[in-house]
Each structure stands twice: as C-alpha cells, then as structure tokens.
Amino acid sequence: MKATLVIENIQNLITLKGENKPRIGEKQKEIGLIENGIVAVKDNEIIYVGEGELPENIEVDKYTVIISGKGKTVTPGFIDSHTHLVHGGSRENELSMKLEGKAYLDILKAGGGIHSTTKATTEASFDELYKKAEKSLNTMLSLGITTVESKSGYGIGNFDTEIKQLEVARKLNENHVVDIISTFLGAHAIPQEYKEDTDKFVDILIKNMIPEIADKKLAKFCDVFCEEGVFTINQSRKILNTAKKYGLMPKIHADEIVSLGGAELAAEVGCISADHLIGASDTGMKDMAKKGVIAVLLPGTSFNLQKGTAANARKMIGLNVPVAISTDYNPGSCPSENLQLMMTLAALTLKMTPEEIITGVTMNAAASLGIEDKVGSLEAGKKADISMFDIPNLAYLVYHFGINHTDTVIKNGDVVYKKS
Ligand SMILES: [Zn+2]
C-alpha cells in the first residue's frame with residue numbers, strides 16, 4: 001500500500017489507541033504514548049501507527065508528503081464538543097460593568113446579556129453570521145481543532161433565527177475543512193413574551209420547532225438549558241424525550257449554577273452528554289456513570305464567570321464518569337475559541353492531569369458527539385485528522401499557557417495549517 005503522507009521521527013506520538021469508547025476512571029489517563037513514533041496516511045485514512053520505521057508493506061514515493069516530527073508532539077485532531085459558534089455581535093462593553101460589580105440582571109436591564117446577542121444574531125444577515133463564524137473556525141483550526149460542535153439558541157423564540165444559525169453551520173460544514181456537527185438549542189432561554197406561561201413556549205418547541213428541525217435534518221442533537229429561571233426538570237424532560245422521538249440525540253446544559261437534578265435527568269433520559277455540571281449532585285454523577293453519560297466540562301466559563309466555583313472533575317473521574325473538556329465558545333460567558341487555554345484551566349481549576357485532559361479533547365469529546373468510531377484516536381482505519389504541536393511533551397502544552405503551540409494540522413489527510 002502506498003502512503004500519501006507520513007509523519008516520521010515523532011518525539012511523542014499520543015495515539016489514544018484502544019477501544020472506540022469513552023475512557024473512564026484510571027483509563028482516562030491511558031494515552032497510548034509512543035516515543036519515536038511514525039504515522040502513515042493514505043488519502044483521508046490512517047493506515048499505520050507505530051514506532052521507528054514503516055513496515056515493508058507500506059511504500060512511499062516522490063509524491064508522498066513527508067513531515068518530520070522531530071522534537072514535536074502529535075495527537076489526534078482536537079474536538080471542541082460544546083460551542084455556540086454561530087452568533088452575531090460581541091459583548092465587550094459588559095466587561096466594565098462586570099468589573100464595577102454590576103449584577104447580571106442589571107446588565108440585562110441595560111440592554112446587555114443574552115438578549116443583546118439574540119438581537120445581534122436576529123439582525124445579522126446569513127452572510128454576516130457565516131463570515132464571523134468562518135473567522136472563528138479558522139482560529140480553531142490554527143489551534144489544532146478539526147471537529148466542532150455548534151449550537152443554535154440565539155433566536156430565543158424566534159424560530160427563523162434558530163434556522164438561520166443552523167443553516168449557516170450546515171453551509172460552513174460543506175465549505176470549511178473543519179467538520180461541524182449541529183445541535184438545536186431552541187430551549188436556551190425563555191422568550192420575554194412567555195415569561196408568565198413558560199409551558200406554552202415548551203409546547204411550541206415540542207409541537208412545532210423540534211419536528212421541523214428533524215424534518216429539515218438541520219441538527220444531530222437537541223439541547224436544553226435546564227436551570228433555575230430557565231427550563232425546569234419537567235420541561236427539560238419533555239423537550240428531550242420529544243427530541244428522541246424525532247431522532248435527535250439529547251444533550252443538556254445541566255446544573256451549571258444550581259443543583260437542580262440535571263445530571264440525574266441526563267441519565268434518566270439517556271443523554272449522550274451533560275454539560276457544565278458545576279452543581280451536579282453525587283447521586284447525579286453516579287447515575288451518569290451508570291448510564292455512560294459523558295460530562296462535558298467547560299472550565300473557561302467557570303473561570304470567566306468569576307464565581308469561585310468549578311465542576312468537580314476529580315469526583316467525576318473517581319466515580320467513572322467519562323469527562324470531556326470544551327470551550328463553550330460564546331459571546332457571553334466564554335468569548336474564547338482557545339481550547340489549548342481551556343486545557344490549562346482544566347488542569348489549574350479542575351485538577352485534571354495532562355493525560356486526562358488530552359483524552360477529554362480527543363476520544364471522550366468524540367464520544368460526546370457520537371463519532372468515536374471515526375476520530376478521537378490515531379489508529380489504522382481512522383480518519384486522518386492529526387495535530388502536531390511544537391512541544392517536547394504533553395505536560396508542556398498545559399503548563400506553558402496563553403500561546404498557540406500548534407505547528408501543523410492535517411485534516412482528512414491533507415496539511416491544512418502550518419505555522420508560519
Ligand atoms: Zn453552552
């Protein structure tokens with residue numbers, strides 16, 4: 001077999017080899033490290049991963065792209081499994097209000113908060129949203145990210161805006177080299193006009209929006225913001241069970257601030273992931289472990305909210321809950337596409353080890369999107385999504401923070417980013 005691309009002499013090759021399933025407990029630390037590693041790719045597929053030289057049955061010729069991995073660390077392409085990629089506007093004007101100690105409700109009253117993003121997203125044209133999200137995707141790619149989950153959710157009752165966001169994501173997925181997987185988050189906040197009758201809005205979601213999103217095949221997942229003052233446990237259950245009926249896999253923003261029982265609900269409904277989980281109860285975590293629900297933790301958000309709280313990753317890993325790490329990139333609570341920075345925050349604020357963290361942005365992130373059979377590890381037969389970093393070892397990436405360590409990114413077997 002002839003290789004189209006080979007990365008040789010790799011100082012640290014992090015393969016994550018093993019079963020294509022979420023890694024739990026002690027296994028979250030097993031990263032399949034090979035020193036002096038080599039990877040061969042044919043077209044868009046990995047055909048060999050090992051140590052030293054290529055075996056005899058794999059040939060190279062003058063057309064084979066040869067990349068030196070000397071002094072470098074190579075990993076599966078990173079997967080950002082929780083983002084609000086497509087949105088209008090930005091909210092830097094809220095920073096000074098925040099620093100002055102103004103409460104979020106005051107910021108909302110001053111025209112800020114989620115409603116300002118809703119307005120900006122609704123007013124933006126398709127092309128404006130597309131260009132803004134494309135710019136973010138380019139940034140993500142340069143940071144070693146090859147797959148991104150993208151949520152709608154800034155319509156807040158305006159269904160046209162929700163559809164516009166999902167259609168932008170669909171077009172980006174067709175045109176941009178980064179893979180995008182869409183989530184319908186129609187249940188992101190209660191629209192102003194339904195504040196007094198929230199069940200009425202849930203009814204609209206269930207009877208109109210979810211069936212249409214499923215019919216138009218605009219999303220793979222359906223998500224709900226289950227939180228005090230947003231959607232209750234009962235409402236979230238209704239929404240997610242309806243989504244399941246229509247073939248959308250359930251996800252949930254759970255227990256971000258208050259311990260409502262979102263983690264328990266995630267297990268009961270059979271969510272593929274429960275995200276945030278700062279207030280998750282012990283029972284909820286145990287239920288998640290039993291059902292294999294993946295905890296998607298978002299340390300950039302807890303850091304940016306400055307409440308001094310963070311998800312209890314150590315307890316989750318101890319209870320065999322698979323943990324993934326994502327950016328939660330959004331204009332309000334985490335305006336950053338930098339997953340490498342989130343990896344540092346996962347170490348410093350969630351006390352996760354570099355090995356657990358790399359699993360959290362590769363195999364466990366892949367599993368939280370249901371794509372673990374295609375990406376998330378480097379093994380023969382998998383898609384050739386590979387990131388190479390200019391770092392002597394994995395811990396260095398987490399330790400030396402705030403800069404981009406990416407050297408080269410390979411997507412579908414092609415070099416698509418190279419540090420200049
Ligand atoms: Zn979110």
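Me: How many residues of domain 1 are in contact with domain 2?

Reply: There are 30 residues of domain 1 in contact with 32 residues of domain 2. Two residues are in contact if their C-beta atoms, placed from the backbone, lie within 7 Å. This is a predicted model, in which local features need pLDDT of at least 70 and side-chain atom pairs count only at pLDDT 80 or more, while totals for chains, interfaces and linings use all residues. Residues are numbered from 1 along each chain as its sequence is written.

Me: Which elements give two or more residues to the side of domain 1 that touches domain 2?

Reply: They are strand 5 (73–76), strand 14 (386–389), helix 15 (394–399), strand 15 (406–411) and strand 16 (414–418). Helix 15 gives the most, with four residues. Helices (H or I, at least four residues) and strands (E, at least two) are DSSP runs, numbered from the N terminus.

Me: And where do the two domains run?

Reply: The assignment gives domain 1 as 5–76 + 376–418 and domain 2 as 79–367. Such bounds come from an automatic or database domain assignment. The domain centres, taken over C-alpha atoms, are 29 Å apart.

Me: Which residues touch the most other members of the largest nonpolar core?

Reply: Val 39, Ala 266, Ala 295 and Leu 297 do, in a core of 130 residues. Both domain 1 and domain 2 give residues to this core, so it lies between them. A nonpolar core is a set of buried Ala, Val, Leu, Ile, Met, Phe, Trp, Tyr and Cys residues joined through C-beta atoms within 7 Å. A residue is buried if 20 or more other C-beta atoms lie within 10 Å of its own, exposed if 12 or fewer, and partly exposed in between, with C-beta atoms placed from the backbone.

Me: What does Ala 266 touch?

Reply: Not counting residues up to four places away in sequence, Ala 266 touches Ile 252, Ala 254, Cys 271, Ala 274, Met 288 and Val 293. Met 288 is also one of the buried residues of helix 9 (residues 282–291).

Me: What do the buried residues of helix 9 pack against?

Reply: They pack against helix 8 (262–269), strand 11 (273–276), strand 12 (294–297) and helix 11 (313–318). Just after helix 9, Gly 292 takes a positive phi of about 70°.

Me: Which residues have a positive phi although they are not glycine?

Reply: Leu 277 is one, at about 65°, and Asp 328 is another, at about 60°. Leu 277 is in the loop between strand 11 and helix 9. Asp 328 is in the loop between strand 13 (323–325) and helix 12 (339–350).

Me: Is Leu 277 buried or exposed? And Asp 328, buried or exposed?

Reply: Leu 277 is buried, because 31 other C-beta atoms lie within 10 Å. Asp 328 counts as buried too, with 28 C-beta neighbours inside 10 Å.

Me: Changing topic: where is Ala 40?

Reply: Ala 40 is in strand 2 (residues 33–42). Ala 40 counts as buried because it has 26 C-beta neighbours inside 10 Å. Leaving aside neighbours within four places in sequence, its contacts are Ala 3, Val 6, Ile 47, Tyr 48, Leu 54 and Ile 58.

Me: How many helices and strands does the chain have?

Reply: The chain has 15 helices and 16 strands. Buried residues make up 55% of its 420 residues.
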